[in-house]
Amino acid sequence: MTYIEIQDKLNILIGQKLTDILTACEMLRFYFDKGDGIHSLCLTRIRKNEDILFTTFDYQNWDEEIDTNNDEWYHLNKFKNDIVGGIVTAVKVTPSKDLILHLDNKVIIEFFIANGYFHFGEDNEQWRYMSADKNHIVINSKSVKVYE
């Protein structure tokens, strides 16, 4: 599946409202009002008005005592009301399969492929789109898998 075909599939998100963002360790999970979702295991950055609110790498900044006391979770809780409720106005998938979502509340959510070629392991999952009908498009470092 080419990046253009992926973008064509994800254009279904245009007009949908972002209803929730959840965390699971460094993974961010995004849910939309028609039942679609995106799970991100790659570098994900959330910006508003050209300001970076937080990234998944912020998970690494923590109090070194309690794993939930980290900057990713802290800033998600701090900015969640500014992010959730935005409606997707544009979807862009790049040739390297990065994903960029623009919301009408001036929020931009960017999913960057975080791994190159693999030598000591397997192709790593970067992000996953799950349609309301439970079909999945899994974007790995260097491959794409479609589950219908």
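The model is predicted, and local features need pLDDT of at least 70, side-chain atom pairs count only at pLDDT 80 or more, and totals for chains, interfaces and linings use all residues. Residues are numbered from 1 along each chain as its sequence is written, and side-chain values use heavy atoms, with hydrogens and water left out.

Stop 1: Select residues 18-24, strand E1, and residues 27-32, strand E2, which pair in the antiparallel sense over 6 bridges. Strands here are DSSP runs (E, at least two residues), numbered from the N terminus, and two of them pair if DSSP finds at least two bridges between them. Look for Leu18, which sits opposite Phe32 of E2. In the turn of this hairpin, Cys25 has a positive phi of about 55 degrees.

**Stop 2: on to E3.** Arg29 has His39 as its bridge partner in E3. Between these two strands lie 4 residues, and Gly35 takes a positive phi near 95 degrees in this hairpin.

**Stop 3: the core.** Now select Phe30, Ile38 and Trp127, the residues with the most contacts inside the largest nonpolar core, which has 30 residues. Such a core is a set of buried (under 20% relative accessible area, 1.4 Å probe, protein chains only) Ala, Val, Leu, Ile, Met, Phe, Trp, Tyr and Cys residues joined through side-chain atoms within 4.5 Å. Beyond its neighbours within four places in sequence, Phe30 is in contact (heavy atoms within 4.5 Å) with residues including Leu18, Ile38, Ile109 and Phe111.

**Stop 4: a loop.** Finish at Glu50, between strands E4 (43-48) and E5 (51-55), where phi is near 65 degrees.

Conventions: Buried means under 20% relative accessible area, exposed over 50%, partly exposed in between (1.4 Å probe, protein chains only).
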